Amino acid sequence: MSEKKERALKEAKKVMDFILKDELTVEEKNTIVKESIENFNRNINPGWLKYRKSVSTNAAFVEWSDSQETFVDVFGTEFIDLLGGFGIYTSGHRNPEILKYVQAQLGRYALHSQELVDPLRGYLAKLLEMITPGDLQYAFFTNGGAEAVEMALKLARIATGGKWFISTIGAFHGKSMGAISMGGKGAYREDYLPLIQQVQHVKYGDAEAVRTAIKNLQHVGEKVAAVIVEPVQGEAGVIIPPEGYLKKLREICDETNVALIFDEIQTGMGRTGTMWRCEVEDVTPDILAYGKAFGGGIMPITGIIARPHMWVEKLVENPWILGSPTFGGNPLACSAAIANIGYMLENDIPRQAKEKGEYFLSKLKMLQEKHPKLLTDVRGVGLLIALEFPKSEMGWSVTKGLFARNVMTAGTLVNAKTIRIEPPAIIKYETIDIVIEKLDAALTDTEKEFNL
Ligand SMILES: Cc1ncc(COP(=O)(O)O)c(C=O)c1O
């Protein structure tokens, strides 16, 4: 073995040992912190730790374990999780009611042969049909949100024969080439141009702008494949469209023969107070994309489900034309998603998100009255909530103040002036009260810092 490989083996053994240990010594904890910072700077990106402004300037907090509504750093400091991993922890961190099924599956087989029939994939697809609105029926599983969006875009093209997409300003659908082509913020697109050329971005919340864009394209002989929207824009800073927007989009797409894609990767699986946000307007898209919380906060699994007319003959003849992700819908991920669906239904997680969201929002509005110059807006649905500040620096200062008080949150990707409140839906009411107290104190500190 070469000397380099010998060193790699020694390094791997050291970390394998850390993973197996129930208790680390103080020396080992210090080593993990020191080496993690070195590893991130040398092997991930020298800018990474500095960029995470909300967390800390010294980046000395190394995540080591989690449970339900909290996570714990390597020294045992517990943090209340208000960020929910950008929305993945709706059912909590390592919820034991989900974890036990994943562990049982892991004891049997983890990934699939690719050739035999893997039963959990079939059961999960069946369950999805049962928990999604209307006649959504055929599911395709992927590993990340952007990948699910890619499948949605490709399916729309193959099913309709159209080339164009209508997306919205401020939209966030992921950062792969197709998904970012739909994205509504220049900073994430500029360096990669040209992207998919056949995209028009219109104002979010304005259904007539969608109609005009489609009509204009059709007038000059172009064919539109799909309209893609988030039912509530998440990364744009929780932008809630006017009532009736989704219904109007459905009507327009029906009239013009264009597919409607709802990206419910963030809004779905109970986050906004119903299993899917589109249920609020009783609208069924042609393609629904899901992800984030879908794997129960334990396994990454995302995907799409589509209405039967989208699954055209060509795809039935060769299902691999759409995609064939090696890990998509693997048994371990499916076991997590199935157990998560069971848990969410049994414990009515959407209702919990709705009621706790209303409670949280009412308390936050009181804080807004107390700190009107700093907290310029508080908005949200269910447990997808945003706090808006006059300047992004003020939002960062508040998140730092919260972090210093052992409460974790962060900003949104597209709107620097907002920070998000997106905790697990299993959060206790007492925890919400504690958070409000700490937020009050953090807001007061920021007011002083900025002389407000
Ligand atoms: C609505 C929406 N779509 C897609 C994505 C991309 O998901 P991923 O980061 O898993 O690729 C996100 C992530 O924030 C999202 O909020």
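Predicted model: local features only at pLDDT ≥ 70, side-chain atom pairs only at ≥ 80, totals over all residues.
Entry 1, overall fold. I began with the secondary structure and found 15 helices and 14 strands in the chain. I then looked up the extent of the C-alpha trace, which spans about 65 × 60 × 45 Å along its principal axes. Next I compared the radius of gyration with the globule rule: for 452 residues a compact globule would have a value near 22 Å, and the chain has 23 Å, so the two agree. For burial, I noted that 45% of the 452 residues count as buried. Turning to contacts between residues at least 6 apart in sequence, I found that 75% of them join residues at least 24 apart.

I asked which residues are closest to the ligand. The shell holds 15 residues, and the closest are Gly145, Ala146, Gly174, Ile265 and Gln266. I looked up which element supplies the largest share of this shell, and the record of my search is helix α7, residues 145-160, with three residues. By residue class, I sorted the shell into five nonpolar, seven polar and three charged residues.

I followed strand β1, residues 63-67, to strand β2, residues 70-73, and noted that the two run antiparallel and are joined by four bridges.

Definitions and conventions:
Residues numbered from 1 in each chain as written. Pairing = 2+ DSSP bridges. Near = placed C-beta within 6 Å. Nonpolar A, V, L, I, M, F, W, Y, C, P; charged D, E, K, R; others polar. Rg over C-alpha atoms; globule rule 2.2 N^0.38 Å. Buried ≥ 20, exposed ≤ 12 C-beta atoms within 10 Å, placed from the backbone. Contact = placed C-beta atoms within 7 Å.
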